[in-house]
Amino acid sequence: KPLEFDTLVSNVSTFSKRKIYSNLLFRNLEEIEITNIHTRMFTSLNSLESVFFKKYSYCLYVSVVDRCRPLSDGISSNNQLLYKPIFRYTNWITCFATCAGNIMVLFGRYMFRDENKVLSLIIKNLAVSDLLMGIYLLLIGIHDMKYRNIYNLEAQNWMASWSCTVTGIIAMVSSEVSVLLLVFMSVDRFLIIAIPYGRYSALTMRETVIALTFIWCLGIILAVFPALAYLSSTRYYGVNGLCFPLHIDDPYLVGWEYSAVIFFGINTTGLIIISFVYVGMFISIWKTRNATNLQEKDYNFAVRFFFIVLTDVSCWLPIVTVKAAAFLGASVSADLYGWLVVFILPINSALNPILYTFTTPRYRAHIIKKVPSLIKEAANMSKNNGNKICAGEIDHLKLACTKESNLNKTNLRIVVNKF
């Protein structure tokens with residue numbers, strides 16, 4: 001039965017005056033659902049050494065207590081934002097892979113001009129959205145180091161801060177824009193491949209820019225709206241230390257309705273559309289490839305993009321499935337929840353660059369051709385620096401020196417300036 005704030009304060013005050021009942025108090029709290037817990041509830045109980053709650057989130061309100069149970073929600077503990085070393089390592093490795101991979105995609109698409117400018121623009125936008133996930137992981141890693149061993153003292157300030165909210169918004173924009181872009185790309189490729197003889201005209205650059213602008217605006221609105229809608233009552237993104245509202249460890253925390261709309265409505269619908277589109281696309285390819293003017297590059301892209309979609313489904317399907325199980329009352333282990341948030345959610349952003357750019361034959365050909373020339377150019381610059389001719393003026397004399405790289409000596413010659 002839920003217990004109101006004032007009632008629990010009265011009970012806690014009564015028990016605190018009689019230390020003999022302290023263990024009984026802890027056992028009772030394990031079964032209590034506290035509807036409006038607050039830090040003020042425990043500030044006067046300096047004699048408390050340990051307390052046991054029904055939910056880990058309650059422990060974050062009791063910074064004065066040395067020992068609190070449950071120990072973790074699967075992600076954070078009383079002292080650590082990321083309580084397992086493997087989570088910290090995974091966060092930094094995924095962060096590096098995501099940032100490096102997507103920066104290379106943007107650099108490569110800029111250096112190596114693609115004939116299909118529309119497709120290249122879409123992939124650049126997908127790389128930017130995935131890069132945002134890398135920035136999110138970077139922010140989490142920085143705050144994990146900042147709050148190392150003192151997280152229980154800073155947890156409430158961190159989760160209630162605008163820094164946490166902005167961090168969560170970045171992650172939400174990344175995930176939603178990525179899903180919407182994949183839906184957009186899937187439908188466009190399906191229409192090109194499934195409708196033969198050029199009856200479907202490819203998107204123009206202007207149409208693509210309009211569509212991409214709409215996708216980014218929608219993704220930003222979906223991410224920012226809950227932060228503003230729940231501003232007056234309580235936080236939306238600050239439901240856990242990672243500032244991402246999956247609502248798995250506690251399915252009915254504030255904002256759970258909006259979270260359900262995002263993950264069950266938009267993301268699940270997007271995955272269903274992508275799956276049906278690709279089933280239809282490959283059926284069309286299998287039936288009509290020899291009878292249509294399907295270009296080889298469209299077929300190759302369809303095969304590569306299939307693996308992109310497969311990784312996206314592999315990312316979101318476990319999250320949606322576990323979230324649905326949590327809503328239905330099933331018990332979700334803390335370790336499973338931790339891996340879903342720390343690894344499964346962001347890994348798609350790290351894999352996308354490999355699938356949609358590094359596996360492209362044209363990109364690989366550019367790399368194979370460009371890298372040796374860059375190495376040769378760097379070697380020539382080093383050689384020229386060894387044979388560098390330098391000059392300087394000293395009053396009316398000009399001093400010129402030639403450094404010979406093959407000999408460890410310097411020849412000097414002095415030339416008299418003429419007036």
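## Salt bridges and cavities in a predicted model

The structure holds 3 salt bridges, a salt bridge being a side-chain nitrogen of Lys or Arg within 4 Å of a carboxyl oxygen of Asp or Glu. Before we look at them, keep in mind that this is a predicted model, where local features need pLDDT of at least 70, side-chain atom pairs count only at pLDDT 80 or more, and totals for chains, interfaces and linings use all residues. Residues are numbered from 1 along each chain as its sequence is written, and side-chain values use heavy atoms, with hydrogens and water left out.

Let's start with D144. Its side chain meets that of R88 in a salt bridge, at 4.0 Å from N to O. This pair links distant parts of the chain, with D144 in helix α5 and R88 in helix α4 (residues 85–111), 56 residues apart. Helices here are DSSP runs (H or I, at least four residues), numbered from the N terminus. Both D144 and R88 are buried, where buried means under 20% relative accessible area, exposed means over 50%, and partly exposed lies in between (1.4 Å probe, protein chains only).

D144 has another partner: it forms a salt bridge with R148, and here the closest N and O atoms are 2.7 Å apart. The two ends sit in different classes of accessibility. D144 counts as buried because its relative accessibility is 0%, while R148 is at 30% and therefore counts as partly exposed. Put together, R88, D144 and R148 are linked in a network of salt bridges. Side chains of opposite charge can pair when their charged atoms come close.

The side chains of D188 and R189 also meet in a salt bridge, at 3.1 Å from N to O. D188 is buried because its relative accessible area is 7%, and R189 is buried because its relative accessible area is 7%.

The structure holds 3 cavities of 30 Å³ or more. On a 1 Å grid over the protein atoms alone, a cavity is a set of points where a 1.4 Å probe fits but cannot get out, and lining residues have an atom within 4 Å of a point. Grid points are joined across faces, edges and corners, and the volume is the space filled by probe spheres set on the points.

The largest cavity has a volume of about 70 Å³. Its lining includes D130, M133, W316 and D312. Four helices, α5 (117–146), α7 (162–194), α10 (296–327) and α11 (334–358), each supply at least two residues of that lining, and the largest share, 4 residues, comes from α7. By class, the lining has 5 nonpolar, 5 polar and 2 charged residues; Ala, Val, Leu, Ile, Met, Phe, Trp, Tyr, Cys and Pro count as nonpolar, Asp, Glu, Lys and Arg as charged, and the others, Gly among them, as polar.

The second largest cavity has a volume of about 40 Å³. L82, N91, Y136, L137, I140, L242, V341 and V342 line it. The elements that give two or more residues to this lining are α5 and α11, and α5 provides the largest share with 3 residues. This lining divides into 7 nonpolar residues, 1 polar and no charged.

One last stop is T208, found in helix α8 (residues 205–229). T208 counts as buried because its relative accessibility is 0%. Leaving aside residues up to four places away in sequence, T208 touches V118, L121, I122 and L203, with contact meaning heavy atoms within 4.5 Å.

How values were computed. On a 1 Å grid over the protein atoms alone, a cavity is a set of points where a 1.4 Å probe fits but cannot get out, and a pocket is an open set with protein on both sides within 12 Å along at least five of seven lines; lining residues have an atom within 4 Å of a point.
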